[in-house]
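My notes follow the display.

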Amino acid sequence: MTRRKPARLFALIASLTTLAGMLAISTPAAAQEDSPVSSLVEAWLSSPHGNYHSRSFTYWNKDGEVPANCATCHSETGFLDYLGVDGSAAGSIEKPGVINSPIGCASCHTSEAHALTSVRFPSGVTVDGLGSSATCTVCHQGRQSGLAVTKAVGDLGEDTVSAELSFLNIHYAVAAATMHGAETNGGYHYPGKTYAGRFQHVPSANSCTACHDPHTTKVAEEGCMTCHRGVDTIRDIRMRHGDFDGDGDIAEGIHGEIVTLHERLYNAITAYGREVTGTPIGYAKGRHPYFFVDGDGDGAISDAEAVRDNQFKAWTPRLLKAAYNYQVVMKDPAGYVHNPTYLLQLLHDSLESLSTSVDVDMASISRP
């Protein structure tokens, strides 16, 4: 009888999970410090992927399992299920994931992971030729697309409040969606506008693992400074010279341009809520569903306001599109590296749309 693949899988997971402990038991302390495997395990344990206490891997502990639609990225067993390592069909999830199962060695170091080169995005677009970036792309692409926004608003009037609309959240860690830009429709694209496609960096820094240590996930910033001289941090880098955010400062890094334009979009969103929908709106970072009624009108959402029963519901198509793009930029804090032009275009066009209903000084900003 042929041995079943799952048996080998669980044996592999068990051996990898206990690897650090085995090294500690069988190897003298001095030798442990010099062990390449031990160093890799320590690096992984210090990363978000190896954090057993992270909410990303413990949120479902009370339920005893990670739901199948979340398991791919929130449990190693789910990721292996997605790859088809357990003998199931690749590209789909057949069962819930195991709780407290972070993304470990077996997630990337299998023949199935090494062979993966194509990934399907939420927009339905499949990107080929991803190479070593493919496994990263599976989870770092978000769970919504601008096409979902288009479908949701349908033929509703731009400023018509509709109980049928609700906020669409792109989810977390959307670097791949940002990087591929127009190719995968991560953001909402306004009709008649063109958007930047895949951000092409220099060949030595054009993949996930070329910039991020694959075990710690930390960015190797020293490589950036080799080419981008004369700056103190990577946030000071800018390769374009327009004043995109309208603050008159063209010496700041492109990160500063994005941050200020993002703030301007938030101000326009809150103004639209007050003046057009008649319901004040505010944003609470890290508190789903993110947009709430700003009951006291102070422009900020307090803990008492950031509750589900107080979620904002007076959505119009125009407001939903702008809020979606606001969240896209919010959920990729390193977007200034991944694809700054794309994010600036999303922010500019969202502001331009809102400016037809509320006061926004579009003359002071420019579109890359």
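**Ground rules.** I am working with a predicted model, in which local features need pLDDT of at least 70, side-chain atom pairs count only at pLDDT 80 or more, and totals for chains, interfaces and linings use all residues. Residues are numbered from 1 along each chain as its sequence is written, and side-chain values use heavy atoms, with hydrogens and water left out.

**Entry 1: H15 and H16.** I looked up helix H15 (residues 254-277) against helix H16 (residues 317-330). Helices (H or I, at least four residues) and strands (E, at least two) are DSSP runs, numbered from the N terminus. The two axes come within 10 Å and cross at roughly 155°. H15 is therefore roughly antiparallel to H16 (angles over 145 degrees count as such). The axes are lines fitted to C-alpha atoms over the stretch in contact, and angles run from 0 to 180 degrees between N-to-C directions. I noted a left-handed crossing of H15 past H16 (the near helix is turned anticlockwise from the far one by less than a right angle).

Next I listed the contacts (heavy atoms within 4.5 Å). From H15 the list includes Ile258, His262, Leu265 and Tyr266; from H16 it includes Arg318, Leu319, Ala322 and Tyr326. By class, this contact has 11 nonpolar, 2 polar and 1 charged residues. Here Ala, Val, Leu, Ile, Met, Phe, Trp, Tyr, Cys and Pro count as nonpolar, Asp, Glu, Lys and Arg as charged, and the others, Gly among them, as polar.

**Entry 2: salt bridges.** How many salt bridges does the structure hold? I found 9 (a side-chain nitrogen of Lys or Arg within 4 Å of a carboxyl oxygen of Asp or Glu).

Arg318 pairs with Asp159 at 2.8 Å, N to O. Arg318 lies in H16, and Asp159 is in the loop between helix H11 (146-153) and helix H12 (175-180), 159 residues apart. Is Arg318 buried or exposed? Arg318 is buried, at 11% relative accessibility, while Asp159 is partly exposed at 36%. The cut-offs are under 20% relative accessible area for buried, over 50% for exposed, and partly exposed in between (1.4 Å probe, protein chains only). I also traced a salt-bridge network that links Glu158, Asp159, Arg318 and Lys321.

Glu352 bridges to Lys193, with the closest N and O atoms 2.8 Å apart. Glu352 sits in helix H18 (residues 340-354), and Lys193 is in the loop between H12 and helix H13 (208-211).

Arg238 and Glu257 form another salt bridge, at 3.0 Å between the closest N and O atoms. Arg238 is in the loop between helix H14 (221-227) and H15, and Glu257 is in H15. Arg238 is buried at 12% relative accessibility, and Glu257 is buried at 0%.

**Entry 3: Ser145.** I placed Ser145 in the loop between helix H10 (134-139) and H11. Ser145 is buried, at 3% relative accessibility. Leaving out residues up to four places away in sequence, Ser145 touches Pro122, Ser123, Asn185, Gly186 and Tyr324.

**Entry 4: backbone.** Most residues other than glycine have a negative phi, and most peptide bonds are trans. I looked for departures. The His288 to Pro289 peptide bond is cis, with omega near 5°. Pro289 is in the loop between strand S3 (281-283) and strand S4 (291-293). Ala173, in the loop between H11 and H12, has a positive phi of about 45°. Thr217, in the loop between H13 and H14, has a positive phi near 70°.

Key
Parallel < 35°, antiparallel > 145°, perpendicular 65-115°, else oblique.
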